[in-house]
Amino acid sequence: MTATSAILSAAELRSELAGQRPPVLLDVRWQLGGPNQRPAYEAGHLPGAVYVDLDRELAGPAGSGGRHPLPEPEAFGAVMRRAGVTADTPVVVYDGGQGWSAARAWWLLRWTGHPDVRVLDGGLAAWTAADGALSADRVTPAEGDFKPTPGAAGLLDADGAAERARAGVLLDARAGERYRGEVEPIDPVGGHIPGAVSAPTTENLGPDGRFLSAAELRARFEGLGVTDGTPVGVYCGSGVSAAQQVLALEVAGIASDLYAGSWSHWSYDPSRPVATGPEPQ
């Protein structure tokens, strides 16, 4: 296992923005069940950043495919081009700090073939803590040329997730109480995919809201049963927080696949089995 540079610090971003090849910046602030974050973006964002709406632009219509199914690739490509994304320019994505929505954009860009996309570690909070400037200016980037080619990152469907739980490690990125089936505030039924291991995303971050070190993350995932060569899958409620877990695994040097439909897709079909309690079975 080798660590990657899927994330960068506020200091590193500041240096790159001042360089000869500054990255395209995407602001993907989002709150589950909360208000749209465009007003917050308009009040202050990283200079030059373009706002991307997760619910409308990084997901397809909710339904049988889950609450946040993947967008159609061409629709996603159009959003990225409007945001100024080109095939040969680095992209840096940030959110309010939890990493969920930024990782969703990161994963989608990777899945559709962009070669250089990273997440700002700690998000907007880390930027302002490092005395980074904010701007309320309207941003109108030049049209990009990015054309999505899906398939560059691993994607699981329901059958693939069930198989990964049997013949690998399937990580459930939701809070422990949802995994155990004690509460289910959103989806039709509580519990988890049989064989999945509870792995809340909160445990990928330190007290400062930034990712743990690569070594700490490797140790965490090894403790959950991930060893060299283990096929790994990740799911959550609707495929958003699970992307943060995929990102944490990437930082640790561990390849993994995303079950994008996640629990909202799995639980939509009453014929699929459901497990409850603290154990995978």
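Which residues of H5 are buried? Select H5 and see: Trp100, Ser101, Ala102, Ala103, Arg104, Ala105, Trp106, Trp107, Leu108, Leu109 and Trp111. Buried means under 20% relative accessible area, exposed over 50%, and partly exposed in between (1.4 Å probe, protein chains only).

Before moving on, note that this is a predicted model, where local features need pLDDT of at least 70 and side-chain atom pairs pLDDT 80 or more, while totals for chains, interfaces and linings use all residues. Residues are numbered from 1 along each chain as its sequence is written, and side-chain values use heavy atoms, without hydrogens and water.

**Helix H5**

Stay on residues 100–111. Helices (H or I, at least four residues) and strands (E, at least two) are DSSP runs, numbered from the N terminus. In H5, 11 of the 12 residues are buried. Step just past the helix to Gly113, where phi is positive, about 100°.

**From H5 to H10**

Now select Arg110 and Glu250. They form a salt bridge, with the closest N and O atoms 3.6 Å apart. The pair joins H5 to helix H10 (residues 241–251), across 140 residues. A salt bridge is a side-chain nitrogen of Lys or Arg within 4 Å of a carboxyl oxygen of Asp or Glu. Glu250 is buried at 19%; Arg110 is partly exposed at 22%.

**Around Arg174**

Next, pick Arg174. Its relative accessible area is 2%, so Arg174 counts as buried. Asp172 meets Arg174 in a salt bridge at 2.7 Å, N to O. Glu184 also forms a salt bridge with Arg174, at 3.6 Å. Finally, select Arg67, Asp172, Arg174, Arg178, Glu184 and Asp187: salt bridges with shared partners join them into one network.

How values were computed: Expected span 1.5 Å × (residues − 1).
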